Amino acid sequence: MIDLTFDRVSKKYRIYHESEDGKSPSGLGRITRRLRGNWDDFWALRDVSFEVERGEALGIIGQNGAGKSTILKLLYNITTPTKGRIAINGRLAALIEVASGFHPELTGRENVFLNGSLLGMKRSEIRKKLDSIVDFAGVSAFIDTPVKRYSSGMYLRLGFAIAAHLDPDILLLDEVLAVGDAVFQTKCIERIKQLRNDGTTIVFVSHNLGAVQSLCDRVFLLRKGEVYRSGPAIDVISEYEHMLTNMPATASSRPTDVDATSPVHITSVNLFNTAGQKTTMFATGDEMRAEVEFMAHEALEDVVVELRFYSIFHNLHSHFSTESDDVKLDLEKGRGVVEFFCPELPFEPAAFSVEASIRRRESDFTQHLDYKHATNLHVTKGKPVNGAFHTFHTWSLKTDLHPDVIPVNAPAVGRNVD
Amino acid sequence: MSSSTVNYDESAGRIGTRPRYEIRPPSLAGVNLLGSLTKLAQYKDLIWTLCVHRVKVRYKQSVLGILWAILQPLAVMMIFTFVFSIIARMPSEGAPYAIFAYTALLPWNYFSSGVANATVSLANHAQFVTKVYFPREILPISYVAAALFDFLVASTLLAGLMIYYRVPLTLNALYAIPIIAVLTCFALAMSLLFSATQVRFRDLGVAVPLLLQVWLFATPVIYPLSAVPERLRPFYMLNPMVGVIESFRHAILKGVAPDMGPLLFATVIAIILLVVAYLYFKWVEATMADFA
């Protein structure tokens, strides 16, 4: 059963130019500009065709301007294609933050009704779900307060909670999912997973490769408005990362407030498997070695190197520090490597982003000398994870038991109390 | 914080079977009047919520609240009475000028405030238009509905004036109902035309209030139709608002059946215009979000 069809869909936007002198024209200038045809046609999507099966989760990745959001806008019928045909089979909803549509003078309750209706919910449906929405957002005590008195967090949470209570056949997910604190994000992820398990078809657009890998079966890589690659999530994502790392600089380093005059810079962070090959793919329980390469512009005494593993939606999953492990590091001037060794990777199958930082021990833990989003880590199914994580462990059986140890089949003490 | 599962009746949200639909490039020929109206009907809850919302928001945090719906036309009526009756000695066909003016101001205000607010409704709600799909015509419709509500509130003052000036109410006053229905069609038509155009040409946000001001003087609101020179009448009567306003005043103030010619003309124009405006709106709607 096909839920979504894109049949040779193209979308053109017309971009009008400013006049030569850089001033935006007014009045007659504007009219002549339109008549002269002083514009460029920008094709946000070109001949894109695909189908999404019922119950499938499709991820769409690609750089800014690749056409990801345009696909969502077209699916959600916010705008229409210039060419082609889109067929939709089912009730479609977008899990987006709608708090920007709140009216400040209205109470939380009134805004839930207003925004719920905007999203296409019936009043009776909203009435039924109101308690659950309010509870989800954690604003029960303030539901009859005008939302202008809300904190910005409450505002966003309530907006998102409404969208989370739609019961679509097809769910569209956008970047904005990263709303609120870790607890709230976990709730949102739970909600999405619940919908997924219920057989909801999902289209997820994101820059967050980890999140895409955790949620999606199949992934599209868009490039300049065209589908560049499509296939199983893990393959397409690793190809995309390969593309990114082969692009000139800074593509993967996140902007930080670390200044260029810092005495030490992290030049790269690489992960190596047990065979010594550089990779980002590991299975649970695999041996993993991380090398943090740095360039010290002067000798530095007593520094702390830290590695952070972020999971879906940028929740901190694990944090390792030479400080808490009581390792003293003195750096000499020049290049060097700090190695992190993990004999058995404990993480469950998911994707993580790895961030490395370096700082002086005495400084505040936010005062980094350098901080880099270094690499991604894709964990696939390996050793079983029953629960949250795997850990190194052994079992053993002992049979020559001491006589005063109770045999396992003996009746338990206190069993026959009556 | 409570548990993270969403615990409501899952079946409550599902409305019938899965809808199937297609999205194609916009074309005037592809606009489906019946389909659009069916879709609009599905959103009746949103229409209701937004209309209530308009009224609520307008008067929230104001001390006089809903009284403003009466005070505003009352003030205009008093100014008109002072300027046109006391200073300019405008004829008012035998009725006291105050009630003569107010009877016309009431439907005129409904029309002009509805259209003026609706014109900017889409551009002012870009945050809805670019984020969520719903039939966009609901936004201008909600402003016309809010203006209708104000009209009903302000009508109570008309009743008061009629008692004060001892104007007898006849059965012919019932003509007011179809007249207001025609006026509503006309207001909706203008609102759809202007709001859809305003998204791309913001000039309308300024031009429409000006147009309405000029329009007021081209309509027998502050003066009687009888004051319009005979040789100008053929052109003057092309304004559909003439038939509407004049008929309303006849039915309420004079207690006689309205002159059917101009009223019928206004009815035909209003209905044709509403259909054309709606088709145009649905055509423009397809790419509205690209400009909002």
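**Close-up views of a two-chain predicted model**

In chain B, 80% of the contacts with a separation of 6 or more are accounted for by residues 24 or more positions apart; two residues are in contact if their C-beta atoms, placed from the backbone, lie within 7 Å. This is a predicted model, in which local features need pLDDT of at least 70 and side-chain atom pairs count only at pLDDT 80 or more, while totals for chains, interfaces and linings use all residues. Residues are numbered from 1 along each chain as its sequence is written, and chains are lettered from A and ligands numbered from 1 in the order in which they are written.

**View 1. Chain B has 13 helices and one strand.** Helices (H or I, at least four residues) and strands (E, at least two) are DSSP runs, numbered from the N terminus. The C-alpha trace of chain B spans about 70 × 50 × 35 Å along its principal axes. Of the 292 residues in chain B, 40% are buried, a term for residues with 20 or more other C-beta atoms within 10 Å of their own, C-beta atoms being placed from the backbone.

**View 2. Helix H3 (residues 108-118) of chain A is largely enclosed by the rest of the structure, because ten of its eleven residues are buried.** Among the buried ones, look for Glu110(A), Phe113(A) and Leu118(A). The buried residues of H3(A) pack against helices H4 (123-137) and H5 (152-164) of chain A, and also against helices H3 (44-59) and H7 (126-129) of chain B. After H3(A) comes Gly120(A), with a positive phi near 95°.

**View 3. Here 51 residues of chain A are in contact with 39 residues of chain B.** On the chain B side, H3(B) gives the largest share, five residues. That side has 17 nonpolar, eleven polar and eleven charged residues; Ala, Val, Leu, Ile, Met, Phe, Trp, Tyr, Cys and Pro count as nonpolar, Asp, Glu, Lys and Arg as charged, and the others, Gly among them, as polar.

**View 4. Strand S4 (residues 83-89) of chain A pairs with S1(B) in the antiparallel sense, over four bridges.** Two strands pair if DSSP finds at least two bridges between them. Find Ile86(A) and you can follow its bridge to Ile23(B) in S1(B).

**View 5. Leu172(A) touches residues including Leu72(A), Tyr76(A), Leu92(A) and Val203(A), not counting residues up to four places away in sequence.** Leu172(A) is also one of the residues that touch the most other members of the largest nonpolar core, which has 180 residues. Such a core is a set of buried Ala, Val, Leu, Ile, Met, Phe, Trp, Tyr and Cys residues joined through C-beta atoms within 7 Å. Helix H9 (residues 176-200) of chain B supplies the largest share of this core, 16 residues.

Terms used. Buried ≥ 20, exposed ≤ 12 C-beta atoms within 10 Å, placed from the backbone.
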